[in-house]
Every structure is written in C-alpha cells, then in structure tokens.
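My entries follow in the order in which I made them.

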Amino acid sequence: MLHRTAAVTAALVLTLVSVAGCAAGPGGAASSATAPAAPQLDPQVASSLDDALRTVQSSPGVASATNRVELHQRYTAADGTDVTPPGLDAWNNRDAGPAAPPPIGAVSPDDPEVPPVPTPSARPAPPAGATESHSFSSAFVVTMDPDASPAEAAAVPEAMAERIAWTGVTLTLQVPAGPGHVLSTVTYSGTFDQRIPDETALGVASGLATLAATPGVTGLEASIPQTMRVDYGSLTIGVSPADDASLARVRGVIDGTAFAQTTLHGSFGNGAKP
C-alpha cells in the first residue's frame, strides 16, 4: 500500500579531527578546546569537492550544478551532554551562500520544509572546558537538461564517486519536466566513499526516466541510501487519476525497473491515500 510522506533532504556528516580550530581531514578524535576557534575545511577535501563540481558542470546534459559546504562545530560536556551554543553553525556558515534547495517534484506541494536556523548577531561563545569536534557536509544540486538521456544522468553520480571519498556528501539530481515526462528527482545520500557501479547508476536513471514518462504519474522522487542498495531506499510517486486501475498500471511499470523492491510512498492525484 502506498502512503504519502514528506521528503526532506538531510546532509550526512563525517567527524573530522579538531586541530587548532581546523577540520584537518577524515578520522581522528575530538580534542579539548582552549579557544573558540572557527572550523575550516581541509584544503585536500575542498580541492576534491571543487574538482567534482567542475567535472559535473562540464558533463554532457548538465544544465547547472552547485555545491554548498557547511561546517559543523560541536561541544560536549564531560558527562557527554551536547552543550553547543544555539546558532553556532549558522554563524560559522553565514557567508556560505544560499542553502541548497530541497528536492523538487514532491507528490504534494505542501510538504513541510526544515526552517532555516537564525544567525545570531554575534558569534556564540562555547562553554569553558567542553570537548570540541568538527565535521562538514556538502550538498550538490545538479539539474539536467529536460531531454538529457539516462546515461547522461547516470554519469553524474559516477563522476562524483571517482573524485570524492567522504560520506558527508549528498547529491540531489533533477531532470526537469519535458515533452512526455514529468520532473524526476533522485537523492544519493552519503554514498560517495565508494565506487558507484555503472549498472546501478544507469538502472536508477533509466527507471526514473521510464516512470517519469508513464501515463498517470504526476510526481516522482527517489532516494538512494549510503549502502547503495536501491531496494533499501525509497520511491515517492504521485498517481492520477485516483483509481485502482491507475495504481495497478504504475505498479506494473515499477516492477520492471531497478525500483521493483524499493519501499514505495505516495498519494493519488486528489490527495487520497491508496
């Protein structure tokens, strides 16, 4: 049975070692903070992210590509309690630019979104003696041409996986609506510390293209988890008209794609829950 669900993009993070206020790279342990140092992205990490972005921007079929990097700073008391001052991340990232938009094409236009965290007028001071740790998250948003082929869409996560080695990266890949198909969105969450098999990326892109062109489909979003197991992800799909025959027809198409065993969410076009 399909159920409507709100689609929210969450960036996964990777804890980095804290050395003199700098996010120094993967691994390591938190150190005791002696000064409220602002976190910084390791140059090697930044270079890899920039390389991936340039590669994607120049890829065939890509209309636009952006990346937003956010730095996260946490303070923990001796008893393990999180004592991070409210608004600290918002202050640290105040110049990071506009936030990456959430996936578009949701089944319902009134799906809630996470409200922005207000930025304090002054940098919040951490408590004395707390243990400090740094992490980062990176949110790529890539929009393809409306007539981009599944192979061109599949090449985007493949290229990123070849250049990025951290789970703190998400990719929201959108193919806008065009003649004969609705908009489709797929989010890869934290998968970029491994090779993404060509057949998996192409299977996802081809499945979405097939479903986007299926009569009766009105909205389409998929998520691929860190494990790269498509069947462990989710598929959010809108169907209209609201009848059992339409639902059965769409289910039949799903069964012939890479999403055959994936958890389904969705609603009929009139808001009824099948």
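I took helices (H or I, at least four residues) and strands (E, at least two) as DSSP runs, numbered from the N terminus. The expected span of a helix is 1.5 Å times one less than its number of residues.

The model is predicted: local features need pLDDT of at least 70, side-chain atom pairs count only at pLDDT 80 or more, and totals for chains, interfaces and linings use all residues. Residues are numbered from 1 along each chain as its sequence is written, and side-chain values use heavy atoms, with hydrogens and water left out.

I noted five helices and ten strands in the chain. Helix 4 covers residues 198-212, and its 15 residues reach 21 Å from first C-alpha to last, close to the expected 21 Å.

I next looked up burial (buried means under 20% relative accessible area, with a 1.4 Å probe and protein chains only). In helix 4 the buried residues are Thr200, Ala201, Val204, Ala205, Gly207, Leu208, Leu211 and Ala212. Seen down the axis, they fall within an arc of 160° (directions from the helix axis to the C-beta atoms), so they line one face of helix 4.

I then asked what this face packs against, with contact meaning heavy atoms within 4.5 Å. The partners are helix 3 (150-163), strand 7 (184-189), strand 8 (217-224), strand 9 (234-239) and helix 5 (244-254).

Notes
Buried means under 20% relative accessible area, exposed over 50%, partly exposed in between (1.4 Å probe, protein chains only).
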